[in-house]
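Hi everyone, thanks for making the time. Please bring up the sequence and the structure, and we'll walk through them together.

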Amino acid sequence: MGSFQDLLFQLKRYWADRGCVIQEPYDLEVGAGTMCPETFLRVLGPKPYRVAYVQPSRRPADGRYGENPNRLYKHWQLQVILKPAPDDVVDQYLESLEAIGIDLRKHDLKLEEDNWESPTLGAWGIGWQVMLDGLEITQFTYFQQCGGVDLELVPAELTYGLERLAAFLQGTESVYDIRWSPAVTYGDVRLADEIQFSVYNFELADVPTLWQLFELHEKECRRLLDGYPNYPDKQRFPVLAAYDHVLKCSHLFNLLDSRGAISVTERVAVIGRVRRLAVGVAEAWLDQQGREAA
Amino acid sequence: MRPQRFLLEIGTEEIPAWMIPGALEQLRTLFEQLLSASSLGGSVTYADATPRRLVLRADGLAPRQPDTEETITGPPKAAGEQAAAGFARKLGVAVSDLVTVQAPKGEYFAYRRRTEGRPALEILARELPGLIWKISWPKTMYWRQERERFIRPIRWVVALLGSKVVPFEIAGVASGNVTAGHRQLGRKKIRVTAGNYEERLRTNYVLVSSAERENKIRAEIESLLAGTGLRVKPDPALLQTLVYLTEYPTALLGQFDPRYLSLPHEVLVTVMRHHQKYLSVEDAEGRLAPYFVAVMNTTGDPEGLVKAGNERVLRARFNDARFFWETDQKKKLADRVEDLRHVTFQAELGSYLDKTRRMVELVRELGGNEHAQRAALLAKCDLTTEMVKEFTELQGVIGGLYAREQGEPEPVWRAIYEHYKPESMEDAIPSTPEGRLVALADKLDTLRGCFRLGLIPSGSRDPFALRRAAQGVVKILVEGKLSFRITELTGGLPELREFFLERVRYYFRDVRGFRYDEVNAVLAAGWDDLPDVESRLEAIQAVRPTANFEPLAASFKRIRNILRQAEYTGGAAVEPALLEPGPEAELYQAFDGLRSEVEARRREKQYRAALEKIASLRPRVDLFFDKVLVNAPDQGVRRNRLALLHGLLEEFSTIADFSEIVTETTNS
């Protein structure tokens, strides 16, 4: 059975062969591969696009100090966007499982209803969780809306949970026992990361500082978005930079949440603030794309 | 022309299991409507489905519609040739095509328009796309263009009438005679005929019949557990989900480490049922056993891979649950009350701490003892636990289990455990007096709070599940024999009282099955005390079949009408001196004699006896109406008679308003 990195190589190769741009992880903290500009922005507008990338995804509240064999602060997703979704998208997905060495004739595979929604991104879609022998290995979503905008070309988003798949393939009980490479385990590579960030996220992150950072990024993003309508050369306007600040806000929100600093009432309000920024970016981006096409 | 068979298969990506039965019902109805609207005859043989296909078969369709003839009548013959020409021109036919018809008023020009019936193939091709789009789903998506919405993408369509394809296009898919087999085990393209469809699919690992799939699962469970002394916990809803989640189901028996049985079984069952869709297994005494049944969507598991995989997943889930349990025990429920300050109940209604305080107060007002008040104080604390954050469906239950673990007395932990009950009309109410009070306080607080803010359910919008809350209150009051006054419980909110009336009606009529007129009759005589309403209903139900009852009810209706017509609203006492000897005086004497007896029975809540007494008046009432003219010429006599009838009606309508009873003689 191959290593964790073999799994990554195989999936990237598979999707590269099906016309995907193979991207590298986005270089900011994100909670899910969906948040990367390669998904969030590319699914907007009329241009077809196919992309696949591995994205380490940070969810501060899910950290367990490296003590839980299945829960991680940061897990690896393989994110695939096929825009528009081809008619045989489910078949293509199933073949990717064969490509990583799963003989589907010997396993139980079910597509169970699971609709996806991200209130912070104003995004939602219809789809399934893919269950392999009772294990959820992939979230499969037909995007319907992103940044509050109905999508012109409906993309399929495939999000593979890589640790789960690797543990399944290698038959390990704990993610930390997964062989990353033939000689090195997942624990060797990542355990310190899990422990230290659990300590930071749950214990040491300074709440007032996090709030300040949140507000700074929000302000900078807002400043940029407010400047867009009057900016003379729209093609050159840094919508992408504005979006980076949205991602920062989103991550800071998650951190504050894991510190227990956000009450349920505030929660809705803060999500609304991030969402407004995301929607503003989506609108500016669409406008920019429209001008490019014209 | 021979009648023909019809087959429709809508091939889709995986449809959510729970939506399938509703969709099939619609498909069948829509197709039956199409058959009858287009006069094609025939009938639906079955409508069935797997996750990837909705299938409808019909038989006996006419190959074409019957021809029809319709007569269009024009101007009278007397209007002459010119009128006839105009009429013909309007219809676009020659004057020579017109005929003359005889009508009661004379002869008229007319035209007999013959319409040739159209071929069934053509009608179906035209109508089927619209029919398919018409199926409504709880949540839809688009995948090509926004106006084409379905539950999941349509990928193929088989439509056959006899040996011919019914040609149409839907969502970019052309209908044909090619279906698809099981995703992993079957062929991707399979040519079928109306004759071999099910068989061809069977050899490609798709069992079209949901009943057959269900039987297969049942039979396999039986053989897996044969001789073990174990059985599966009955769970028809989960079984149906599994039937519609698979095209070729096969059951497997898995096991888990018996040490996990030390965790609360509620948690284990929730993990198995809700998260993994496994059936739980119990021994002959109903104790949870360390096994589960999973249903695969494939033919078998010869190498044990699927079993091992499922067991591994379950182990990880149970480990999580154990972790949550241990973490949560570090802080007692009683120490979590203050933490509820940070859990919002509703923006304007405050936090769960506010709600908790109101609940405790309400329980006290309702006469709750110390245990009930303690339970109300702790009831919502489990919202701050890891276990409930993970398994929200176990709120309340987890709180109860933790309270037990932490040494709270049984009346307290049981009340917490059960305070969300009844969760549906089929669910039982809390089993203890303390639990009932806490459940009432919880639901009433939500209802009062929301109604005060004007958050009143309308149509299908009921985000706070207020209907269920009110329904729960009604069920607890009636079945718990709690005679709290609705007027007081509803906190002086007239809309809330109205809302309850609806729920009370629904409960007695639809849940308990009382006849609607009996419910109307009893509620019209007051409904502030629900156990009392129930007693009165039962009395009416018991007395209704007796000979005197319905005729008497009819007479009461008559009395009401007479009083209404006379615009008589009461006030005067009956003057015995003005009574005419005979039926009138006798009725009065009988009435006067019964009055105190009926009242005594009523006070003792001997409603049946009271009603039987009232019903015994019937011959007197009948005789009165037979022999006595209410509208006597003498105004004094007339008013006295009205007073008598009014007294009768008033006095005897305190258990039920008989005039609400619908009888065969009512309309006479």
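**A sheet, a helix and two chains**

Let's start in chain B, where helix H5, residues 210-225, lies across strands S13, S14 and S16, at about 35° to S14(B). Please keep in mind that this is a predicted model.

Now, what sheet do those strands belong to? Four strands of chain B make an open, antiparallel sheet, in the order S13-S15-S16-S14. S13 (230-232) and S14 (250-255) of chain B are at the edges; each has a single partner strand, so one side of each is left without a neighbour in the sheet. From one strand to the next, the twist averages 30°.

Let's go through the pairings. S13(B) and S15(B), residues 279-283, pair in the antiparallel sense over three bridges. You can find one such position at B:Leu230, which stands opposite B:Asp283 in S15(B). Moving along, S15(B) and S16(B) run antiparallel and are joined by three bridges. Here, B:Ser280 stands opposite B:Phe292 in S16(B). These two strands also form a hairpin, with four residues between them. In the turn, look for B:Gly286, which has a positive phi of about 85°. B:Leu252 has B:Ala294 in S16(B) as its bridge partner.

While we're on S16(B), is it mostly covered or mostly open? It is mostly covered, with seven of its nine residues buried.

S16(B) also takes us to the other chain. How many residues of chain B are in contact with chain A? There are 29, and they touch 30 residues of chain A. On the chain B side, strand S16 (288-296) and helix H8 (305-328) each supply at least two residues. H8(B) gives the largest share of that side, seven residues. Sorted by class, the chain B side has 15 nonpolar, eight polar and six charged residues.

Next, the inside. In soluble globular proteins, nonpolar side chains tend to be buried together. In this model, the largest nonpolar core has 256 residues, and those with the most contacts inside it are A:Val281, B:Ala376 and B:Val438. Helix H7 of chain A, residues 239-258, provides the largest share of this core, 10 residues. Which residues does B:Ala376 touch, leaving aside its neighbours within four places in sequence? They are B:Met359, B:Val360, B:Val363, B:Val438 and B:Ala441.

Let's step back and look at chain A as a whole. Its secondary structure comes to eight helices and nine strands. A compact globule with 294 residues would have a radius of gyration near 19 Å, and chain A agrees with that, at 20 Å. Along the principal axes, its C-alpha atoms fill a box of roughly 60 × 50 × 30 Å. Of the 294 residues of chain A, 47% count as buried. If you take the contacts in chain A with a separation of 6 or more, 68% are between residues 24 or more positions apart.

One last stop, at A:Asp27. This residue is in the loop between strand S1 (21-23) and helix H2 (37-40) of chain A. Why does A:Asp27 count as exposed? Because it has 8 other C-beta atoms within 10 Å, and the cut-off for exposed is 12 or fewer. A:Asp27 is also 29 residues from A:Pro56 in sequence, yet their C-alpha atoms are 9.7 Å apart in space.

Key:
Residues numbered from 1 in each chain as written. Chains lettered and ligands numbered in written order. Predicted model: local features only at pLDDT ≥ 70, side-chain atom pairs only at ≥ 80, totals over all residues. Contact = placed C-beta atoms within 7 Å. Nonpolar A, V, L, I, M, F, W, Y, C, P; charged D, E, K, R; others polar. Buried ≥ 20, exposed ≤ 12 C-beta atoms within 10 Å, placed from the backbone. Pairing = 2+ DSSP bridges. Axes fitted to C-alpha atoms, helices over the stretch in contact; angles between N-to-C directions. Core = buried A, V, L, I, M, F, W, Y, C linked by C-beta atoms within 7 Å. Rg over C-alpha atoms; globule rule 2.2 N^0.38 Å.
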